[in-house]
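Please keep the sequence and the 3D view at hand as you read.

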2 protein chains.
Amino acid sequence: MLRAIQNLGCSSSGWLLWKPRTSTSACKTPPFRRFRARSESNPDAASASSSASVAPQSSLYGNVRKISFCQWCGGPTKHEIPSGEEKMRAICTVCGKIAYQNPKMVVGCLIEHDDKVLLCKRKIQPSYGLWTLPAGYMEIGESAAEGAIRETWEEANAEVEGLSPFAQLDIPLIGQTYIIFLAKLKKPQFSPGPESSECQLFALNDIPFNSLAFSSMFVTLNLYIEDVKAGKPKFHYGTIKKRPGTSPSDIHAFTLDYHLQS
Amino acid sequence: MLRAIQNLGCSSSGWLLWKPRTSTSACKTPPFRRFRARSESNPDAASASSSASVAPQSSLYGNVRKISFCQWCGGPTKHEIPSGEEKMRAICTVCGKIAYQNPKMVVGCLIEHDDKVLLCKRKIQPSYGLWTLPAGYMEIGESAAEGAIRETWEEANAEVEGLSPFAQLDIPLIGQTYIIFLAKLKKPQFSPGPESSECQLFALNDIPFNSLAFSSMFVTLNLYIEDVKAGKPKFHYGTIKKRPGTSPSDIHAFTLDYHLQS
């Protein structure tokens, strides 16, 4: 029996309403239960004006800016479809190299401690003053888990262990994929890093849903609460379809599509 | 009870030996069973000479080439640690923009059909003539699942459906993360695309393990076979630590670290 999660829209309090729905399909239960909430056409990322969620790589946010020069030789680029390919690319007119732009992974931790979750209040743009899980861009040379551990240390001076994958959330409009791990504190110590003004443990009923920094955080925390209520942790995969033209901190301007959970 | 998977090295046939190991820790079973096979220092990706696994973005393989010019204004870059950061970055000496390099996601499908798996023989470098799951770089504007569907269509002219997350494998040395979905064929039709010379369904006992294109494929297929034998599909997360200086097709020159499975 397939178990589906349907997005019924926002309640007046701003919460996305989640309602389990069962189907009558007689089929072997797949490892992940599938549901496609609704299908929207993919807006052209290059025309999006919303900014991405994570500093300091803010120059590459939402607006996938056109590459004008070659990073390797400095020559001007032309924009064409290379032979044998199907998408427009920036091609150097001097050395011929193609400059590709690809989505970036944002890795972070949902720290569970004494039935509470650790959040950081951002001291930087975007979403200044709003709450987020500790997270940031994955770097070359590290794994996603190592990046999540590093970002948690940098943003919350918290040492974590016992990571397990919790969610992968793709955000096509801004070219980001969030990869969030559940984690435990090695020691019950944390404090704000340079990019945070505060760090605090929140009981699940006290999570500041109206002051979250990004839609990815809104989705992640809602999914987590749902799992806690069900008494069973899962792995979640989904696509956040952000409404073009909305800011990162407009955390309700999206739908969650293609949500799969183990 | 924690269930761990230990890499015991390669057998003479080239198979990695997997041996379940139980611990006596009395703790609540986490959603993912953890094991850290062994810890290696992360080689500086910039000094790696191995090439990455997927064409045509071969100019950014293994050797994380130094960015010499600004993509936005063409000015020469300097390499310094920006104020407030901790890593060396390429900073434009004219406009001041920072050029970040981040790992890329490679998305693909492990198609299950009649108890067989679809593989493609590569018609391009690297790993020309070797077998791979259909996979390629994720693009901005699509989700990981959409990218996996697209790559499967491009490389095998196969329409797939029923995707579910199977594995995430990080390869820090070459700045890649493989995200593989299980999938089903919509119709029992497939044929080689421009980058494949052949496509074939292989029974699990017939998978050409000595002719696989990349270590990621070796790991993915071994994990899949293990799951089939156990009769229970899982989601796997792990880090492939490639030995520096080895080629993409040297599929045994690695260890699988930090393997977690649901």
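A salt bridge here is a side-chain nitrogen of Lys or Arg within 4 Å of a carboxyl oxygen of Asp or Glu. Before we use that rule, a word on the ground we stand on: this is a predicted model, in which local features need pLDDT of at least 70 and side-chain atom pairs count only at pLDDT 80 or more, while totals for chains, interfaces and linings use all residues. Residues are numbered from 1 along each chain as its sequence is written, chains are lettered from A and ligands numbered from 1 in the order in which they are written, and side-chain values use heavy atoms, with hydrogens and water left out.

Let us begin with the fold of chain A. Two helices and 14 strands make up its secondary structure, where helices (H or I, at least four residues) and strands (E, at least two) are DSSP runs numbered from the N terminus. Of its 262 residues, 56% count as buried; buried means under 20% relative accessible area, exposed over 50%, and partly exposed in between, with a 1.4 Å probe and protein chains only. Contact, in turn, means heavy atoms within 4.5 Å. Among the contacts in chain A between residues at least 6 apart in sequence, 62% join residues at least 24 apart.

Now to the charged pairs. Side chains of opposite charge can pair when their charged atoms come close. Over all chains, the count comes to 22 salt bridges. One of them joins Lys184(A) and Glu112(A), at 3.6 Å from N to O. Lys184(A) sits in strand 11 (residues 176-185) of chain A and Glu112(A) in strand 6 (residues 104-113) of chain A, so this pair ties together parts that are 72 residues apart in sequence. Lys184(A) is partly exposed, at 40% relative accessible area.

In chain B, have a look at Glu85(B) and Arg89(B), whose side chains meet in a salt bridge at 3.1 Å, N to O. Glu85(B) counts as buried because its relative accessibility is 18%, and Arg89(B) is buried too, with 10%. Lys234(B) and Asp227(B) form another salt bridge, 3.2 Å from N to O, and both of these residues are buried. Elsewhere, Glu142(A), Arg150(A), Glu151(A) and Glu154(A) are joined into one network by salt bridges that share partners.

What about the cysteines? A disulfide is a pair of cysteine sulfur atoms within 2.5 Å, and the structure holds zero of them over all chains. The cysteine sulfur closest to that of Cys95(A) belongs to Cys92(A), but at 3.7 Å it is too far for a bond. Cys95(A) is partly exposed, at 34% relative accessibility. For Cys120(A), the closest cysteine sulfur is in Cys199(A), 3.6 Å away, again too far for a bond. Cys120(A) is buried, with a relative accessible area of 1%.

Leaving aside neighbours within four places in sequence, Thr152(B) is in contact with Cys109(B), Ile111(B), Pro134(B), Asn157(B), Ala158(B) and Val160(B).

How do the chains relate to each other? Two copies of a chain are related by a rotation about an axis and a shift along it. Here a rotation of 180 degrees with 0.0 Å of shift along its axis superposes chain B on chain A, with an RMSD of 0.0 Å. The superposition is by least squares on the C-alpha atoms of residues with pLDDT of at least 70 in both copies. The two copies are thus related as by a two-fold rotation axis. The same surface serves both, as 100% of the contact residues of chain B recur in chain A.

Gln71(B), Trp72(B) and Ile140(B) supply 15% of the area that chain B buries against chain A, more than any other three residues. Between the two chains the count is four salt bridges, and Lys241(B) forms a salt bridge with Glu146(A), the closest N and O atoms being 3.6 Å apart.

How values were computed
Buried area = accessible area lost by both parts, 1.4 Å probe.
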